[in-house]
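Let us walk through this model together, strand by strand and then along a helix. Please keep the sequence and the structure side by side as you read.

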Amino acid sequence: MPALRKYSTAVTRQTLPDNGEYNSLRRKKTSKMKKLRNHPQSNQQENSPKTVNNETDLCSLTDLEFKREIVKILKELREDMNSNADTLRKELENIRRSQEKLEHSFAKMQTELRAVKTRMNNAEERISDMEDRIMEITQSSQQTENRIKKLESNIRDLWDNIKRANLCIIGIPEGVEKDKGMENIFEEIIAGNFPNLKDTGVKIQEAQRAPNKLNPNRPTPRHIIIKMPKVSDKERILKAAREKQNVTYKGTPIRISADFATETLQARREWQEIFKVLEGKNTQPRILYPARISFKIEGEIKNFSNKQKLKEYSNTKPRLKEILKGLL
C-alpha cells in the first residue's frame, strides 16, 4: 500500500493546521472535556468509536486518528468504487447481450425483408406475365369475335343470296294446298290480282310452307315460300303488289314480300321509322336489297347500310340532321 500511504501523508500535510492553531484547538478540547467529564453521556462517548460527521470534527482529531479516518474513508471509497465497477461491468454485460440480441433480431429482420422483397419481385413478375396473358387473350377474343361477326355476316349474305329469288306469301290458310297444290294457289293469286302478268310466262321453281320452329301451335298460318327461277320475275311481282297494295286470295287479304334471313328482316325493320320520316319530307326513300336505305338529298342519291354511317353523314348536313333528330 505505498501509494495509499503517500496519499494519506499528503492529505494530512495539506489538511492539518499549523502549530499555533493546533495548540489552540487542543486547549479548547481539553476544557470541553473537563466540563463534560461528569456528564452521564461523556463516558459513553469516550468508550464508543469515534465518528466523523463533518469537516469540524475531522479537524479536531489527532494525527493518528486523522490518518485512521482517512484510511477508513479511502477504504470505503475503494469498496464503493469496486462495487460500482462490478455493477458497471454487469450493466455493460447486459448491454452487450442486449446489443447482440438486437443485432441478431436486426439480421433476422433483414433476412426476412430480403425474402419478402424476393417474393414481391416474383409476384410482380407473375402479375406482369398474367397481364400480358390477359392482354393476349383479350386481343385473341376480340379477333375471334370479329371473325365470328364476319362469318355471321357472310352467312347472312349467302343466305340472302340463296333467298334472293324467293317470294314470301303471308296469310294463306293452312291446309288449302292439300287439295290444289302450292303451284295452283300461286297461279290463282297471280290471275286474281295481277292479270297483266298472267301471259308473261311467270313460272315457279318450288313452293312450300315455312317450317314453324318457334311455336308449332301458333294460331296464324305459316308463310308460303315461292322460289322463282329468275330474280326479275320476283321483282316484277313485288312491284305489282306494291302498286295494287290490297292483295287477296278468295277474299282473304294476303301479303307478298321478299324472303329474307331473320337478321336481314330485323335490319330492314330498323329502317321503318327513318323511312316514314324521309318519305314525309319528299326524299324518295327506298329499302334496297337486302337491308340498305336509299334516299335523295340535295340532288344526290345516297344509300347507307347501317345507322352509324347515316349518323356520321347527317352530321355534315344540317338539314338532314334536323330531319332525323331523335331517330339516330
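Gln208 has Ile225 in S3 as its bridge partner. The pairing between S2 and strand S3 (residues 224–227) is antiparallel and runs over four bridges; two strands count as paired if DSSP finds at least two bridges between them. Strands here are DSSP runs (E, at least two residues) and helices are runs of H or I (at least four residues), numbered from the N terminus. Before going on, a word on the source: this is a predicted model, where local features need pLDDT of at least 70 and side-chain atom pairs count only at pLDDT 80 or more, while totals for chains, interfaces and linings use all residues. Residues are numbered from 1 along each chain as its sequence is written, and side-chain values use heavy atoms, with hydrogens and water left out.

Step back from that pair, and you will find an open sheet of five strands in the order S2-S3-S1-S5-S4, paired antiparallel. Strand S2 (206–209) and strand S4 (247–249) stand at its edges with a single partner strand each, so one side of each has no neighbour in the sheet. On average, neighbouring strands of this sheet are turned by 30° against each other, direction ignored; the axes are lines fitted to C-alpha atoms, and angles run from 0 to 180 degrees between N-to-C directions.

Next comes an open sheet of three strands, S6-S7-S8, again with antiparallel pairing. Its edges are strand S6 (286–288) and strand S8 (300–304), and because each has a single partner strand, one side of each is left without a neighbour in the sheet. Strand S7 (residues 292–297) and S8 run antiparallel, joined by five bridges. Within S8, Asn303 is the bridge partner of Ser294, and Phe304 stands opposite Ile293. Two residues lie between the strands in the hairpin of S7 and S8, where Glu298 takes a positive phi near 55°.

Now for the side chains. Glu100 and Arg96 meet in a salt bridge (2.5 Å, N to O), a term that asks for a side-chain nitrogen of Lys or Arg within 4 Å of a carboxyl oxygen of Asp or Glu. Because they are four residues apart in helix H5, Glu100 and Arg96 are separated by about one helical turn. By this rule, the count of salt bridges comes to 12.
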